[in-house]
Structure formats: structure tokens, C-alpha cells
Amino acid sequence: MAIPGAGIAQGMWTTLRNLFTPKVTRQYPEERPQMPERWRGRLDLIYDPFGEHKCEVCFQCAQVCPVEAIDMSGFDSQGNRIRYGMPEIYDERKDANAYRRAGLPARPMRNPVRWDEPVDEPWLRGVIEGFGARPEALVAIFGTVQERHGYLPERALRVISDRLTIHWAQVFGAAGLGGFRLLPAEGHVVTVCACAACRFAGGSELLDALTDELGIGPGEATPDGAFSLETATDVGAGAIAPAIRIDTLVYGPITPEQARHLVSERRRAAGPAASAATAAATGARA
Amino acid sequence: MAGGLVRALSDRFPELADTLWTDEDTVEIQVEGSRNVEVLQAVRDDAELGFWWLADAAAVDYGPDRDDPRFEVVYHLFSDRHPAWLRIRARVDRADPRIPTITGLWEGAMFHEREMYDMMGIVFEGNRDLRRIYMSPDYRSFPQRKDFLLPDDAADSAAAGVVPLERPETWDLSRFREGLTSAAAATYPPTAERTGTEQEVEGGETLADQSRPR
Amino acid sequence: MTAVDPEIRIPDPIELDRAEEERLAARFGTAPGSANEYAGFETVGIPDRPPQTEREAEMYSLEEGEMLLNMGPQHPSTHGVMRLVLKIRGEVVTDLDPVLGYLHRGIEKLCENATYTTVLTYVDPMDYMSAMHNEHAPAIAFEKLYGIKAPPRAEYIRALVVELNRVFSHGLMMGFLALDMGGITPILYGFINRDDTVELLASISGQRMLFNFFRVGGVNWDVNDEFINRLSRWRAEVGKAIDDNIALMTQNEIFTQRTKGMGVLTADQAISLGVSGPNLRASGVPFDVRKAHPYSIYPELEFEVITRPEGDTYARYLQRVAEIEQSLHLIDQIVDRMPHGPVQAQVPGIIRPRPGRAFAAIESPRGFYSVYAISDGGPNPYRFRMRDPSFISLQVMPKLMPGHLIADTMAIMASLDPIMGGVDK
Amino acid sequence: MDVGELLLGVGRFVLATTLLLLLTVPTAFIVIQIELKVIAQMQLRFGPNRVGPWGMFQSTIHGFKVLAKEDTTPDQADRPTFTMAPWMVFMAAAMSMLVIPWAPGLVAVESSISVVYFFAVLGLSVVGLLVAGWASYNKYSLLGGLRSAAQMVSYEIPLTLSVVGLVILTGSLSFTEMIEWQRVNGWGIAWQWWAFPIFFIAATAEINRTPFDMVEADSEIVAGFATEYSGMRFGFFFFAEYVALFIMSAILVTLFFGGWLIPFVELPDGILGTVMGLLSFFIKTYFFVFVAVWMRTTLPRVRVDQLMSMAWKWLLPLALVNLFVTAAIVLIFNLQPVGGA
């Protein structure tokens with residue numbers, strides 16, 4: 001440092017010089033940046049040549065997203081509005097944990113065995129080999145597994161993914177689409193939204209209708225365990241009030257008749273025995 | 001490539017010679033967890049080996065579904081005399097995961113060990129700051145163990161329910177209370193000599209000495 | 001409508017307020033608003049539980065005249081979300097405790113559940129100032145595990161983008177250092193340089209910040225005309241912003257007064273504490289992974305390992321400036337020698353290496369960045385361990401700080417250049 | 001003194017104070033606008049350019065935004081003092097505007113001791129800052145308040161002492177008479193060029209501008225005394241700071257650069273002279289505002305101990321030496337004050 005203050009003077013000169021040099025800021029809306037041709041900063045849904053979305057609302061992307069950032073809704077093949085997003089994910093997995101951290105008593109996990117269900121791995125590998133370990137046989141393998149276990153356990157899906165060299169998100173998505181069960185067969189959980197919006201829009205009528213249909217009150221389960229009825233304020237579908245959620249799918253806005261239809265549809269799928277039991281319970285109640 | 005190192009190691013530790021393993025740029029030995037300080041100090045201070053730089057210290061959980069459930073604390077060391085990394089795998093019992101600390105050799109192992117404690121639940125005996133580092137202090141699980149279920153509720157997993165480590169019987173508060181006078185505030189600005197503050201604060205006994213396993 | 005579970009009881013807000021008031025009263029001895037309301041003021045910040053370790057007991061026991069000061073997690077200059085608990089006597093820091101974990105995302109655990117290919121996307125946001133380096137180490141480790149080599153052209157492109165990344169990372173560090181000392185301009189000049197550089201990198205990788213450019217066995221894309229054009233323009237202009245910063249800082253008397261002799265880290269201390277990279281070299285230890293354990297194409301390139309004897313904040317600053325020069329020199333060489341050929345080796349979609357272990361280390365702008373990957377033969381790594389240099393560098397703080405002023409705390413921390421994304425993983 | 005004269009005096013005072021209080025707000029807006037724009041341009045940015053033509057209403061919008069924000073008080077704060085502190089700081093700045101000579105004949109209060117009044121009132125703001133720091137119940141605020149007390153009290157002394165040389169030369173304590181003296185004898189900078197740097201540095205420190213903005217060092221103690229303030233109370237601090245910058249520049253111009261004088265031009269009497277004087281005064285004053293902004297762009301902050309040692313080890317001895325040398329010269333050469341009593 002030769003002269004005291006020389007460094008400061010140098011800095012002052014630099015800033016003064018820059019006062020008169022051209023500025024580098026881009027004035028965004030007027031001045032568009034030239035994006036590199038390889039730019040992949042924008043997400044877009046792809047359209048087919050007829051102008052339709054190619055997205056089929058299969059939720060595969062939402063299920064595999066590690067940060068759970070994807071929230072999507074759409075219509076299933078019967079025109080029901082379905083949704084998969086934060087409330088569904090959090091209600092399923094995280095809610096109890098949040099309660100526990102807050103020092104509050106938490107309800108038990110609904111299906112604690114789901115992630116840790118043991119599967120008969122040698123048998124499963126045998127099944128896969130029996131189909132020649134071909135990816136085309138995926139649905140057939142699912143069918144065999146469901147026949148044995150009653151549903152598709154998570155570990156079985158992992159093994160299938162591992163053996164068939166298909167990414168597990170794809171396996172999971174295929175299992176979710178094809179009418180297979182991802183939960184043990186016992187118990188659909190029907191949740192009626194009790195948020196203010198839904199109650200205004202007729203949520204209590206929904207609840208009454210479902211109580212009548214199932215023969216149980218909120219917080220109870222049918223004797224055969226095929227259905228349980230709950231209310232919750234976190235169905236999280238304020239825009240589609242009134243809403244109900246059956247397992248992980250949210251339906252809304254729906255009328256009491258539609259709700260009855262949804263439940264009876266599932267009862268049919270569960271088999272004659274279950275529906276007979278429910279009917280017996282309903283009759284006893286009546 | 002690392003022939004000289006292999007020879008030097010098998011000379012130095014003949015009892016470990018059958019655990020030697022090499023690949024293109026690494027030489028590996030396996031030791032029992034209780035011997036880690038001895039072996040690390042030997043390879044650090046040995047004139048021929050001279051592994052002066054602790055590159056990494058990590059824990060690996062060979063989980064309950066393995067035939068030999070165990071933890072391993074893996075040290076990677078660097079020496080400018082050998083063109084290979086030295087990897088020392090120290091075996092830790094999975095049921096009672098305890099191992100001596102190496103903060104007496106490298107103070108920088110402190111954060112490594114805190115992370116291993118936080119993530120795996122391995123207790124480093126003699127480490128004077130074995131707290132959780134990433135998770136909150138009241139967290140009751142060790143998230144990087146293999147029996148910790150990722151998509152599931154942490155509190156439901158098998159690694160849950162561990163009581164945080166509190167061992168007040170090991171503290172001797174009077175020791176640092178004496179040394180901790182207002183010396184730190186006495187002179188300003190600090191000189192180059194004063195930056196070795198731990199010598200002064202601890203009253204002549206260096207931090208490294210204290211944290212050496214007793 | 002009834003609640004789902006009668007056991008769940010959410011306390012009334014008013015009740016919570018009252019409980020909070022009682023807690024405060026118990027803590028401070030008196031109800032708020034009374035005459036002695038400042039009693040206990042200096043102890044705010046001591047945890048509500050018994051200390052868990054000896055060090056914690058030492059840190060959180062106050063002498064007469066000492067006060068705890070929580071710097072962060074929301075503070076203008078803590079480089080992301082870190083909390084420093086300072087024990088101060090007046091303005092002099094007598095002890096310090098870094099509290100981490102506010103940005104912890106469990107990346108190691110995530111990576112253990114991802115395939116080898118997708119791991120490279122997870123590691124990007126670790127040390128977000130040098131995402132290319134974050135990808136480099138896992139790529140090398142997985143190639144060792146899988147037993148393949150990237151083609152020479154891929155290695156050259158890797159070295160090129162990595163050195164470009166180093167230039168803007170060091171350039172920004174100059175700005176952050178000045179910002180933490182109250183100079184508001186260098187950070188903007190640093191960002192001019194950074195914006196130019198990340199757009200250059202975006203033209204080859206498609207992203208500005210988290211590039212996701214490396215692949216196991218090569219890189220995602222070859223260089224194209226656009227990149228080459230931008231690179232030559234960038235090379236001509238890169239000096240200006242950095243020179244402006246040097247003019248603003250290096251000779252400035254206020255800057256030198258505040259950095260020379262501050263936070264002196266001796267060579268022995270630095271080695272013992274695991275400090276690496278420019279911080280270690282500024283303490284006089286010539287340890288650079290590119291020379292000490294050459295990887296990629298660095299054995300073929302010519303560069304020096306610069307060291308400085310002082311080990312103070314100013315030396316750490318000058319070290320960065322000198323390393324920018326070295327990186328530009330390396331970039332020139334790489335561009336001159338770039339071979340032709342493919343940029344990606346043949347690898348399947350899901351990689352299943354044989355069971356084994358691999359260790360790979362690189363020199364990131366913050367120092368020694370290493371990856372230890374274990375394969376059990378499956379599609380996911382059995383264990384994926386990353387050693388982030390800024391995480392280890394942070395434990396220098398309690399050693400360097402005592403005796404310095406609060407103002408120096410920020411300057412010294414900025415000179416260590418920790419990035420919280422990497423620290424908290 | 002009859003009643004009519006008294007009423008006239010009171011009326012004049014009320015009018016003048018009202019006008020000056022009203023003037024503080026646009027002054028603060030203009031200074032903030034200069035700061036926003038100049039710093040941006042020096043940093044190779046455009047700065048505000050959306051609100052109004054060339055973005056010139058940006059600072060005004062900031063002011064209204066501050067007015068519209070919620071005004072919170074911490075639970076543990078000492079409410080009366082917490083509420084009073086911004087008012088004290090702002091009034092200190094506004095009251096010191098009373099004695100600034102804007103143009104020939106245009107001064108709110110013509111006082112024979114306006115120099116003393118000015119430094120006394122401006123020093124009051126330290127009380128407000130200290131109170132704000134204490135009352136907030138926040139450690140950062142406390143540190144900021146203590147820093148402000150130490151810094152401003154230390155720098156009062158060299159600041160005031162560096163002016164005493166001029167007072168000896170001119171033989172007057174009135175700003176108007178000092179300007180009159182400078183009209184005859186040349187600007188103060190020519191006579192007291194060694195006192196100018198002392199005054200400049202001390203003034204920068206006194207109004208907490210970079211590189212001496214220890215009091216609200218954002219990278220160290222968040223916002224110092226203002227950490228817990230929000231809404232218009234924070235706005236008062238903010239305004240006071242920028243008004244103080246303007247006032248310091250004005251006084252610097254008055255003392256060393258001839259106030260409203262224009263070199264080699266004799267101002268005509270009447271309204272034309274007033275306008276020319278006002279223009280000259282504002283151009284000079286805003287030049288020094290620009291210099292302060294320029295310094296803020298360029299320089300990092302000094303450390304608190306360096307700041308104090310600079311005040312006590314360098315500026316104070318230099319100011320004292322200046323005082324003695326000036327007095328000796330006046331005695332030896334028997335210089336007669338011109339305009340003074």
C-alpha cells in the first residue's frame with residue numbers, strides 16, 4: 001500500500017466509471033432473454049395431434065415425485081372427478097406423525113402392514129419366471145399375486161420391478177390403473193369432508209345418506225370390516241364441495257345419490273358375502 | 001499400483017494382513033471397532049505410511065436382513081507418499097453400537113461422528129460433543145439405519161424409540177469453569193498466537209487430550 | 001358432525017396463550033411488563049432441556065456479563081439457513097455453537113432409494129453453488145463400481161464445465177465476503193459474472209442452476225455451436241466483473257484492515273480440523289485433489305497449486321482470486337485439446353453393478369468433496385455417502401471465533417465460504 | 001416589545017416550522033430516490049424505472065407502503081418509550097432544519113447562536129436511538145442502541161471542534177453571518193481546507209452513513225435499533241436518516257462551500273436573487289448527498305473498534321491542532337472578522 005487512501009480511490013473510481021457504462025439488467029417483459037436451444041426449464045403437458053392432452057391422469061408422476069410436489073386432478077373413465085395431491089398424501093402417511101410431533105395422541109396407522117408385508121419371494125420369483133420374466137406379462141403376474149395375497153403388497157411390486165427391469169413407478173402406476181388392489185381387501189375407508197365449505201354445500205346430507213347406506217355412524221366400521229365411515233376436515237377439496245374420499249380418491253362435488261352409488265359399487269366388487277353381511281347389519285339397525 | 005502400501009501395511013499389521021483388499025486406487029483393511037484409534041494413530045504417525053489427512057469418516061449399516069448384521073465405521077485416509085486411498089473399516093456391534101472416538105487424532109472428526117450418531121445411532125465414547133447435528137434434539141430415531149422405513153412414519157419404524165443420549169455423569173463442569181475466565185475478552189484484536197484458544201480456555205490441557213478415549 | 005377420533009384434542013388458542021404466558025413468567029421470574037422485565041434477558045436462547053453433552057453444558061453456561069445471541073436461522077448474512085449461537089461479552093464473541101439441520105433433506109437416504117442414474121439428479125442441490133462438482137464425484141464413483149470409463153471427450157467436457165463452475169463460485173464468494181462486511185456492490189458484480197456463466201452452462205446442459213448434466217459413463221450432451229459461440233464471448237468478457245471486484249476490494253484500506261490478521265487458521269489446526277480446498281491452501285498446505293490424487297484429465301493439464309502462508313481472512317480471499325486465474329488457464333487448455341469422439345459410454349437404463357465399494361474424491365470450489373458408494377448388486381446403491389467440504393469446514397468456527405468481534409464473525413464465516421445446501425445435505 | 005410584534009413573531013415561527021416539517025417528507029423522498037437510482041446505476045443496474053416517469057415516484061410509493069403497513073409492538077417492549085423513540089429521532093432532524101440558511105433572507109429562525117443550536121439539537125437524535133434500542137426487548141436492538149450511543153457521542157466532539165476554527169475566523173456563531181463572511185473573504189474550504197476532511201468524516205459517522213453505519217449494520221445486527229420496528233414508526237427512522245443526510249450536506253455546504261453563494265457572481269436583490277441562491281444551495285447540497293451515496297456504493301463497513309479508535313486517536317487530535325493553529329494565526333496576523341459582532 002503505497003499511498004494511504006489509494007485503494008479507496010481506486011474503488012471510488014471503479015464505481016464512478018460504472019455509473020456511465022452500459023447497464024446489464026434485462027428489462028424482462030419487454031426484453032425477452034434468448035433461451036438456449038437445449039433449455040429444459042419449462043414443464044408442459046404434451047398434446048396429441050387432435051389437441052387433446054396426452055396425460056391420462058394416471059398419477060404415476062405424482063406418486064413417484066420425491067418431494068411430493070405434484071398435485072393433479074382429472075376425470076376417471078366414469079366421469080368422476082378424481083384427485084391426487086398433498087391432502088391425500090399427507091392424510092395417508094404423514095398425519096399421524098404430525099400429531100405425534102405436536103405431542104398429541106395420534107390415531108394408529110390405517111394399514112401398518114402395508115409397507116412391510118412379507119411376501120413369499122421364492123414363490124413370486126417362480127411366478128415371474130413362469131411367465132418368462134417378460135414385461136408384457138406384468139398384468140398376468142399382478143393377477144396371480146392378487147389371487148394369492150388378496151392385494152398387491154408393496155414388496156411384491158418391488159420384486160416384480162426388480163426382476164422385470166421396469167422402474168417401480170411404472171409398476172406401481174400399472175397396478176393402480178388396472179383395477180388391482182394396493183391395500184388389503186378389508187376395509188374401504190369412506191371419509192366425508194367436514195370442512196365449512198362442504199357443510200354449507202350439503203355435507204351433512206351426504207353423511208346421512210352414507211350412514212343410511214352403510215348402516216354405521218361416523219367413527220364406526222361395518223361388522224364385516226368392509227367399510228368404515230369417518231369425517232375429517234382435511235379432505236382438502238374446498239373447491240369441489242361437498243366431497244367424500246374413499247381410500248385415497250376424492251370425489252366431488254357429489255350428490256347423496258352418487259355417494260350411495262359409489263359405495264354400493266365397491267360393495268359389489270367386494271363380493272356377495274360382504275354385501276350380504278352389510279345388508280344384514282343394515283336390516284338389524286332398521 | 002499400491003504394492004508398496006500393501007507391503008508396508010502387512011509389515012506393520014501382520015494380524016490384519018488377511019483382511020487386506022485392494023482395487024485400482026484403494027487399499028482396505030478391516031479392524032475391530034475397539035482398535036480403531038490404535039490403528040489410525042499408527043498409520044498417521046508411521047513415517048513410512050504417513051496418512052496425515054482424514055478424508056472421510058462414514059458409517060454403513062449392514063442391516064438386520066443381512067447374515068451378519070453390523071455397523072461399520074469407514075475411515076478414508078490420504079497420504080502423499082502413496083498413490084492410493086487407505087480405507088479402514090471398523091466393525092461395530094449392531095446391538096450395542098459403541099466405538100472409541102478419534103477426535104483425539106483429528107479434531108475434524110467431530111462433525112463426522114456427530115453425523116454418524118445422528119443418522120445411525122453409533123455412540124462414540126469419549127467424544128465430548130455427541131449431539132444430534134441434523135435432526136432436532138428431541139428426535140427419537142436414527143434415519144439412516146436400514147430398518148428405518150423411508151416412505152413410512154418414522155415413529156413406526158423399527159429404529160424408533162431411542163432415548164437421546166444424556167450422560168451427565170461424564171461431565172466435570174468445574175474443570176472448564178476455572179479456565180473460562182474473561183481471558184477471551186481481554187485483548188483485542190487477537191494475535192496469531194491467541195487463535196489457539198482451546199489451549200487457554202481448557203487450562204493447559206488441549207481439547208484433543210480431553211477427547212481422547214479414557 | 002363428530003370428530004374422527006375423540007382422543008385428538010386440539011388446545012384452544014386462548015389456552016395456548018395463557019400457557020405461553022405462564023412459561024415466560026416461569027422463565028423470566030416475573031410477569032412481562034413488570035419492573036424487572038429485563039431479568040433473564042441474556043439467557044434467552046438456552047435450550048429448555050438439560051444439556052446433552054459436556055460441550056453443550058459449557059456453551060450454554062453463562063458467566064457474569066455474558067449474553068447469548070442467536071444469529072439465524074433468519075438473519076441477513078448467514079448464507080442460507082444456519083443458526084449460530086454466539087456467546088458474547090459486549091461485542092466480543094467468547095464462544096460459538098453452530099446449529100445445523102435447518103436445510104436437511106436426507107439426500108443420502110433418498111439416494112439409497114434411487115437408481116444409480118437418478119442419484120445424479122438428487123445430488124445437484126447439495127452444494128448449489130457448484131452443482132457440476134456435486135455430480136462429478138458420484139459419476140466417477142459409479143463408473144468405478146460399474147467398471148466402465150467415460151470416453152475422453154466426455155472427460156474433457158466434464159473438466160470444462162467443472163472449471164467454469166469453479167470460476168463463478170469463487171467470483172460469488174468475493175461478493176458474499178464483501179456483502180458480509182457491508183460492501184453492497186461486489187455481490188452484484190459477482191452475480192453479473194455468475195449470470196453469464198450459468199447461461200453459458202445452460203446452453204450446454206439446459207438448466208441454469210441444477211444442471212443434471214453428468215451421466216454414469218459420460219455426459220448428457222456434446223458441445224454444440226451455441227455453446228462454443230457463447231464460450232468464446234464469455235472468455236473475452238469474464239475478466240471485467242472480476243477485475244471490478246478486485247479493484248473494489250483487494251487494495252481497499254477498509255477491507256484490508258478488516259481482513260488481515262483476522263481468523264488466522266494455522267496449518268496444523270487446519271489439517272486437524274479437516275479443512276480443505278482453498279481454505280486449507282490459504283493456510284499454507286499444498287493439498288489439491290487434482291494434483292494429489294489426479295482424476296479425470298487433470299494429469300494431462302498444466303496448473304499450479306497455489307498456497308499462501310498467512311491463513312487469515314485476507315489470504316483466503318486472495319486464494320480464491322488466484323484460483324480463478326488458474327481455472328481460466330485450465331479452461332483455455334481444455335478448449336485447445338478437446339478430442340473428438342463419443343460423449344457417452346454404453347450403459348443400460350438401470351445399472352446393476354457387481355457388489356463392491358468405490359471411493360471417489362474431487363476438488364470442489366469449497367474443497368475436498370468425496371463419495372463413498374457401496375453396491376449390493378441391486379439397482380440402488382446400498383450406501384451412498386457424501387463428504388461435503390463446507391460441512392467439515394464449519395467446525396472451524398468455534399475454534400477461530402473467540403476473541404473476535406461480532407462483525408468479524410460474519411467476515412470470517414464468509415471467507416470460509418460454506419454453502420448450507422451442502423452442509424445440511 | 002408590543003403584542004403585535006410578539007404575535008407576528010409567533011406566527012412567523014409557526015409558519016416556518018410547519019413549512020419545514022412539510023419539507024422533510026419530499027426531501028427524504030428525493031434523497032431516497034437519488035440513493036436508489038445512483039446505487040443501481042453504479043452497480044450496472046437500471047434502478048427503479050416503473051413507477052412514474054423514469055421511476056421517479058418509487059421512493060414516494062415506498063413511503064406510502066410504509067404508511068400502510070401494520071405497526072407492531074413486541075410483547076415485551078416498553079411501550080411508552082418504544083412509541084416515543086421514532087418521534088424523538090425524527091424531531092431532532094426536523095428541528096435542526098430551522099437554522100439552515102436556504103437563500104439570502106430565507107431562514108426559518110434567525111439566531112445569533114445557530115451553530116450551537118444546530119449541533120445541540122442534532123445530537124438529540126442519539127437519545128432516540130438509544131431509547132429505541134433499549135425499549136425493543138431485542139438483543140440486536142440493544143447492541144444497535146449501544147453502538148449508536150458510543151459512535152455518535154464520540155463523533156460529536158471532532159465534528160463540533162472542526163467547526164470552531166471557522167467560528168474563530170468569522171467571529172460569529174450564526175450561519176447567516178458566516179455566509180456573509182465567506183462572501184467577502186472566499187469560501188471556508190479555502191481557509192479551513194484541513195478541517196474539511198475532519199468535518200466530512202465526522203459528519204458521515206454522525207449520521208450513520210456507510211462506511212460508518214455500525215448502528216444498523218445489516219449483516220451483523222440485522223437492523224440495529226430498528227429491528228423490532230415496522231410500519232410508520234420504522235418510516236420515521238428511515239425519514240430521519242435521510243433528512244439528516246440532507247441536513248448534514250446543507251451544513252457542510254454552508255460552512256465550507258459558501259452556502260447559497262455563487263462564485264464570482266453577486267446575487268441581485270429581490271426574488272431573483274433568492275431563487276438563484278436557492279438553486280445554488282440545492283445544487284451544492286445534493287452534490288454532497290451524491291457523494292455520500294457514492295461512498296455507500298463503494299466502501300465496506302469499518303469495524304466498531306476501528307471506528308472508535310479513529311475518532312479518538314486521529315480526528316480529535318487533528319481537530320484540536322486545527323483549532324490551536326487557527327487561533328494562533330488569527331492572533332498573529334490580527335485578522336479581523338468582517339461580518340461578525
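**Ground rules.** I am working on a predicted model, where local features need pLDDT of at least 70, side-chain atom pairs count only at pLDDT 80 or more, and totals for chains, interfaces and linings use all residues. Residues are numbered from 1 along each chain as its sequence is written, and chains are lettered from A and ligands numbered from 1 in written order.

**Fold.** I looked up the secondary structure of chain D and found 13 helices and 0 strands. Helices are DSSP runs of H or I with at least four residues, strands runs of E with at least two, numbered from the N terminus. I then checked the radius of gyration, taken over C-alpha atoms. Chain D has 21 Å, close to the 20 Å of the globule rule for 341 residues, so it is as compact as a globular protein of that length. The rule is 2.2 Å times the number of residues to the power 0.38. The C-alpha trace spans about 60 × 50 × 45 Å along its principal axes.

**Helix pair.** I picked α11 (residues 231-256) and α12 (residues 270-298) of chain D, which pack at about 120° with axes 8 Å apart. Axes are lines fitted to C-alpha atoms over the stretch in contact, and angles run from 0 to 180 degrees between N-to-C directions. α11(D) and α12(D) are therefore oblique, the class left after under 35 degrees (roughly parallel), over 145 (roughly antiparallel) and 65 to 115 (roughly perpendicular).

I listed contacts, meaning C-beta atoms, placed from the backbone, within 7 Å. D:L245, D:F246 and D:V253 are among the α11(D) residues that meet α12(D), where D:F281, D:K284 and D:F288 are included.

Technical notes: Contact = placed C-beta atoms within 7 Å.
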